[in-house]
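I am opening a notebook page for this chain, and I will write down what I looked up, entry by entry. The sequence and the structure come first.

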Amino acid sequence: MVDVGAKDATRRVARATGVIRMQPATFALVAAGQAKKGDVIAVARIAAIQGAKRTADLVPLCHPLPITRVAVDFALDAQASIVRCTAQVETVGRTGVEMEALTAVQVGLLTVYDMLKAADRGMVMDDIHVLQKSGGRSGDWQAPAADAPGAAAQRRGRKSRQP
């Protein structure tokens, strides 16, 4: 574990996002609130918050942090049959909360999968990444704009195919 004892405690904020793709019929269950296990979005939101709070228990070298706020939002895209999860995590501490934001997103999406797997085992979680972070010695950082040419490929570490 990295020693963060010499760092100043500052306000830290991180936002992360990701999607889960599914069949249109499965998406319809989510949108209509008719999944057999219950309200998919409500349960996934609670799971995401819990995931952020338990990050240090899941990631071996991650510092336990006194989280001051977790906000989780889900957006439904009927045309693409996608559920997007976005989490914002905040603290006042000596290290950032990027891992907590990423864990919140992943646990939220895993919960969506768990609640819908009987209807669609082919769901795919994708494009999970940090959107922005602020605070600390390294300052602020923001991911490339989602609509910028090659942004998704850049996040995946591949060269984009631009015309």
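Entry 1. Is Glu-90 buried or exposed? I found Glu-90 buried, because its relative accessible area is 8%, where buried means under 20% relative accessible area, exposed means over 50%, and partly exposed lies in between (1.4 Å probe, protein chains only).

Before going on, I note that this is a predicted model, in which local features need pLDDT of at least 70 and side-chain atom pairs count only at pLDDT 80 or more, while totals for chains, interfaces and linings use all residues. Residues are numbered from 1 along each chain as its sequence is written, and side-chain values use heavy atoms, with hydrogens and water left out.

I take a salt bridge to be a side-chain nitrogen of Lys or Arg within 4 Å of a carboxyl oxygen of Asp or Glu, and the structure holds six of them. In one of these, the side chains of Arg-69 and Glu-90 meet at 3.0 Å, N to O. This pair links distant parts of the chain, since Arg-69 is in strand S2 and Glu-90 in strand S3, 21 residues apart; helices (H or I, at least four residues) and strands (E, at least two) are DSSP runs, numbered from the N terminus. Arg-69 counts as partly exposed because its relative accessibility is 40%. Salt bridges that share partners join Arg-11, Arg-69 and Glu-90 into one network.

I then looked up Asp-126, which forms a salt bridge with Arg-21, the closest N and O atoms being 3.2 Å apart. Asp-126 lies in strand S4 (residues 124-134) and Arg-21 in strand S1, so that 105 residues separate the two. Arg-21 has 35% relative accessibility and therefore counts as partly exposed.

A further salt bridge joins the side chains of Asp-114 and Lys-37 at 3.3 Å, N to O. Here Asp-114 belongs to helix H4 and Lys-37 to the loop between H1 and H2, 77 residues apart. Both ends are partly exposed, Asp-114 with a relative accessible area of 34% and Lys-37 at 49% relative accessibility.

Which side chain of opposite charge is nearest to Arg-12? I found Glu-98, 6.5 Å away, and Arg-12 is buried yet has no salt bridge; for charge, Lys and Arg count as positive and Asp and Glu as negative, while His and the chain ends are not counted. Arg-12 lies in strand S1 (residues 10-21), and a polar contact of 2.9 Å joins its side chain to that of Thr-10. A polar contact is a pair of N or O atoms within 3.5 Å; within protein, one must be able to donate a hydrogen and the other to accept it, and residues adjacent in sequence count only if both atoms are side-chain atoms.

Leaving aside neighbours within four places in sequence, the residues in contact with Thr-17 (heavy atoms within 4.5 Å) include Val-105, Asp-127 and Leu-131.

H4 (residues 98-116) has 19 residues and reaches 27 Å from its first C-alpha to its last, close to the 27 Å expected at 1.5 Å a residue, the expected span being 1.5 Å times one less than the number of residues. Among its buried residues are Ala-101, Val-105, Val-112 and Leu-116.

A nonpolar core is a set of buried Ala, Val, Leu, Ile, Met, Phe, Trp, Tyr and Cys residues joined through side-chain atoms within 4.5 Å. The largest one has 28 residues, and those with the most contacts inside it are Met-22, Phe-74, Val-83, Val-112 and Leu-116. H4 gives the most to this core, with seven residues. Not counting residues up to four places away in sequence, Leu-116 touches Met-22, Thr-26, Val-30, Ala-35, Val-40 and Met-123.

Ser-81, in the loop between S2 and S3, has a phi near 55°, a positive value in a residue other than glycine. Asp-127, in strand S4, likewise has a positive phi of about 55° although it is not a glycine. Ser-81 is buried, with a relative accessible area of 5%, and Asp-127 is buried with 15%.
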